[in-house]
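Dear colleague,

Please find the structure below, together with a short account of what was found in it.

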Amino acid sequence: MSSPIVLGIETSCDETGAGLVRDGRLLGHAVASSMTEHARYGGVVPEIAARAHVHALRPVIAQALADAGLRLSDVGAVAVTAGPGLSGALQVGVAGAKALAHALAVPLHGVHHLAGHVAADTLEHGPLPDPCMVLIVSGGHTSLVLVRDLATEPVVHLGDTLDDAAGECFDKVARVFGLPYPGGPAIDRAAREGDPHAVAFPRPLTGPGHDPYAFSFSGLKTAAARWAERHTPAAPPPVADGAAALQEAVADVLTRKAVTACTDHQVRTLVVVGGVAANSRVRALAEERCAAAGITLRVPPLRLCTDNGAMIAAVGDLLVRAGAEPAPPTLAVDPSAPLERAALQPTTDAALVP
């Protein structure tokens, strides 16, 4: 018998996502973004994001069901992002997921957002090899982790960012360069017309004596800002060159450390996931360096790199098939949860539950 259809719900930041997965196959998904509402402020406003989720959640679920040709009654389990993310945004998703699971009398699973990004690749390329190295790169996270069985075994952290994440670096430098929000895609577009060797930006934590797997992008962000500030209104900075050089520096650091980790741990597969995995130079340089090192590279398609409900449904599907215990009715949110396991099931204080 096939596994139940899992509905995944994602509301950790400014995308409201719903997806439907069964036995590792994506049946349908839909995403609504409130990005345009945040653009005027140059970044995500938590209260606006939470309000947008309230309005978008039901239509997005209905759209995902229509995309899959299914009815709500076909859903056999619900998975929802319980953290990390914006507290108010997470609470909207968890409340909605609880209501659906209760109404349908089906199991509910809390999911770690970053595990969702890892699982997104399985929807395109099949089960993850055991073991595999995963580079998670997004607006808020940059990590190198060793993954075995995502559903049943703990995730082993080899290195994390000590300050800014790669995506955060792109966003903040884009603002200094006068590029629109979100900064990552804007930097990528501007870089196409620039020279990646025009500016000698630093490669943080890549010299002798540094942690080979740790990341730091705060200094790179500052270097790019100082480069832009040295120019005058009469002689503005060549933004395309700055964008290309910044993108090259970020891609160089990310891929260099990821390939080193694969080699050091004798892992033959590298999976690159998260919003920054959509960056054209990160993808190209990862492909080039993995090919040279004899490492298989897996990167999800662009539509699954950014936040979406399909990736959360993919984790829920893995948990269901592994026989994981569902979340209790007291499932809560953890906005700063570290990635330890795919299942994330924080609970409210039992004394506060009637």
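Does Phe217 count as buried or exposed? At 0% relative accessibility, Phe217 counts as buried; buried means under 20% relative accessible area, exposed over 50%, and partly exposed in between (1.4 Å probe, protein chains only). The model is a predicted one, in which local features need pLDDT of at least 70 and side-chain atom pairs count only at pLDDT 80 or more, while totals for chains, interfaces and linings use all residues. Residues are numbered from 1 along each chain as its sequence is written, and side-chain values use heavy atoms, leaving out hydrogens and water.

Phe217 forms a stacked aromatic pair with Phe215, at 6.3 Å centre to centre and 15° between the planes. Rings of Phe, Tyr and Trp (its six-membered ring) pair if their centres lie within 6.5 Å; planes under 30 degrees apart count as stacked, over 60 as edge-to-face and the rest as tilted. Phe215 is also buried, with a relative accessible area of 0%. The charged end of Lys257 sits over the ring of Phe215, 5.8 Å from its centre (the rule requires NZ of Lys or CZ of Arg within 6 Å of the ring centre and within 35 degrees of the ring normal).

The count comes to three aromatic pairs. The rings of Phe177 and Trp227 have centres 5.6 Å apart and planes at 65°, so this pair is edge-to-face. Both Phe177 and Trp227 are buried. Ring pairs also link Phe177, Phe201 and Trp227 into a cluster.

Yours sincerely
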